[in-house]
Amino acid sequence: MPATIDGFANFYFVTDSPGRKRALLEAGINAMAKVRAGDDARRPAVMIRSSPWKAGSEQTPWHDVFDLDNGHVRYFGDHKAETTKPLGSTTGNAALLEAFDRHRAPTIAGRAAAAPLLLFRSVSRNGRVKGHVEFCGVGLIERAERVVQWTGQADATFTNYVFDLAVIDLSAEADKLDWDWISARRDPGCSDADALALAPAAWRQWVKHGHSALPRVRRRVARSRVVKVKDQRPAEDSPLEADLQEVYRRFDGDKHAFEALASAVAARILRASGHSYIEEWLTRRSGDGGADFVGRLDLGSGLAGTKLVVLGQAKCIKPDSLISAEQIARVVARLRRGWIGVYVTTGAYSEPAQLEMVEDQYPIVLINGQDLVKELREMAREDHGGDLPACVEHLLNNRTIEVLNRRPEETLLN
């Protein structure tokens, strides 16, 4: 007690396990005492603290790396230049090497007993360098290796361990950790399986599938920008789903007509951001080189302005189908510096495709079937009293956009 101090959560309050000793974070590597659970001794957790303000000093000559956006931490062990113990026998390194063995366990039971690493780093608050820590997530050890390091100021070297940690995804828990999980692991009367039921979803996935699950359970900030497939599709038996099916039936087998429709919808969406967008032309029916329509986005004016070529791809596919990462990459491969892409489909985009687009920072706009129909319905309400088929036919019959075989960069000359 109390729950907060000077407006900040009290570390001892939020890590309290009734009837157990305090969780300590005094050293860099803080291994909780083991408890006897069944036939085995289980370590509840290893709490790791990094102090960036000490990095590069004689006391701490190394620099820990916290790349939380990509779910990776590189953490140096506690062997120092003045350490006389054999390498790997210091309290912290021994605890992490033991955890590493558990994290490589080949069985579910072995991984269920493995100690999670709780990651913290010191932060400055209110002008104070010491006294505050930031929770950075839950990790497990991917690799451990010996490294030779220079001491802080002296011209000497020493050998230490460095650990590469995978930080797991806590998005299902809103980036929070339920301390009841750790309290359960500290309870000798609680089995590994019962404690596991309180663990984060990503940790449970790792326990179930082992090392092969790491790409799926690793923390990635990019995942927050990925839209689940089910959220890209209209609700079953809804009016929006009926409209999407109608659009698909109308354009299935009429590729060029769908390209014209896609160009009109893309233009509407790009103009909604307040910029000037000009529809230029549709590409020829065959040999289009990966682009179905071409446009130009004008930003600013005069010396304070620029023009961007927009290459559009249109795919009329079954609404329950997915666009893959490879299909998006083919469009991106056509883009030159300063160009952007637009992909319009009646289907949806796979989650791996979206993740690749975000992580590689592809300059491309994705319009799925649900968004396509929503825009069409808005256009129908504005000009055709809500009659979607009439709106679609009007778009196709009253368009001046031509089918040309020009080079996209020629749009910049207009």
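Which residue of β19 does tryptophan 281 stand opposite? In β19, tryptophan 281 stands opposite glutamate 402. The notes below start from that pairing and work through the predicted model.

1. **The β12–β19 pairing.** Strand β19 covers residues 402-404 and pairs with β12 in the parallel sense. There are 3 bridges between them.

2. **The β12–β13 pairing.** Strand β12 spans residues 276-283, and strand β13 spans residues 293-299. These two run antiparallel and are joined by 6 bridges. Glutamate 279 has glycine 295 of β13 as its bridge partner.

3. **The six-stranded sheet.** Both pairings belong to an open sheet of 6 strands with mixed pairing. The order is β18-β16-β14-β13-β12-β19. At the edges stand β18 (364-367) and β19; each has a single partner strand, so one side of each lacks a neighbour in the sheet. Ignoring direction, neighbouring strands are turned by 30° against each other on average.

4. **The helix on that sheet.** Helix α9, residues 255-271, packs on the sheet. Its contacts are with β12, β13, β14 (306-315), β16 (340-345), β18 and β19. The direction of α9 makes about 170° with that of β12.

5. **The seven-stranded sheet.** Another open sheet has 7 strands, again with mixed pairing. Its order reads β3-β6-β9-β10-β11-β8-β7. Here β3 (29-31) and β7 (65-67) are the edge strands; each has a single partner strand, so one side of each is left without a neighbour in the sheet. From one strand to the next, the twist averages 35°.

6. β10 and β11 are antiparallel, with 11 bridges. Alanine 144 has phenylalanine 163 of β11 as its bridge partner. Strand β8 (residues 72-76) also pairs with strand β11 (residues 157-167) in the antiparallel sense, over 5 bridges.

7. Helix α2 covers residues 91-103. It lies across β3, β6 (46-50), β8, β9, β10 and β11. Relative to β10, helix α2 runs at about 105°.

8. **Aromatic pairs.** How many aromatic pairs does a search of the whole structure find? The search gives 8. One of them joins phenylalanine 120 and phenylalanine 135, and it is tilted. The ring centres are 5.5 Å apart, and the planes make 55°. The pair links distant parts of the chain, 15 residues apart, with phenylalanine 120 in strand β9 and phenylalanine 135 in strand β10. These two residues also stand opposite each other in the strand pairing.

9. **The largest pocket.** The space in this pocket is about 860 Å³. Its lining counts 25 residues. Ala9, Asn10, Phe11, Val14 and Val133 lie nearest the centre. By class, the lining has 14 nonpolar, 4 polar and 7 charged residues.

10. **Where the lining comes from.** Four elements each supply at least two lining residues: β2 (8-9), α1 (11-14), β9 (117-122) and β10 (133-150). Of these, β9 and β10 are also strands of the seven-stranded sheet. The pocket and that sheet can therefore be inspected together, through β9 and β10.

Technical notes: Residues are numbered from 1 along each chain as its sequence is written. This is a predicted model: local features need pLDDT of at least 70, side-chain atom pairs count only at pLDDT 80 or more; totals for chains, interfaces and linings use all residues. Side-chain values use heavy atoms; hydrogens and water are left out. On a 1 Å grid over the protein atoms alone, a cavity is a set of points where a 1.4 Å probe fits but cannot get out, and a pocket is an open set with protein on both sides within 12 Å along at least five of seven lines; lining residues have an atom within 4 Å of a point. Grid points are joined across faces, edges and corners, and a volume is the space filled by probe spheres set on the points. Ala, Val, Leu, Ile, Met, Phe, Trp, Tyr, Cys and Pro count as nonpolar, Asp, Glu, Lys and Arg as charged, and the others, Gly among them, as polar. Two strands pair if DSSP finds at least two bridges between them. Axes are lines fitted to C-alpha atoms, for helices over the stretch in contact, and angles run from 0 to 180 degrees between N-to-C directions. Contact means heavy atoms within 4.5 Å. Rings of Phe, Tyr and Trp (its six-membered ring) pair if their centres lie within 6.5 Å; planes under 30 degrees apart count as stacked, over 60 as edge-to-face and the rest as tilted.
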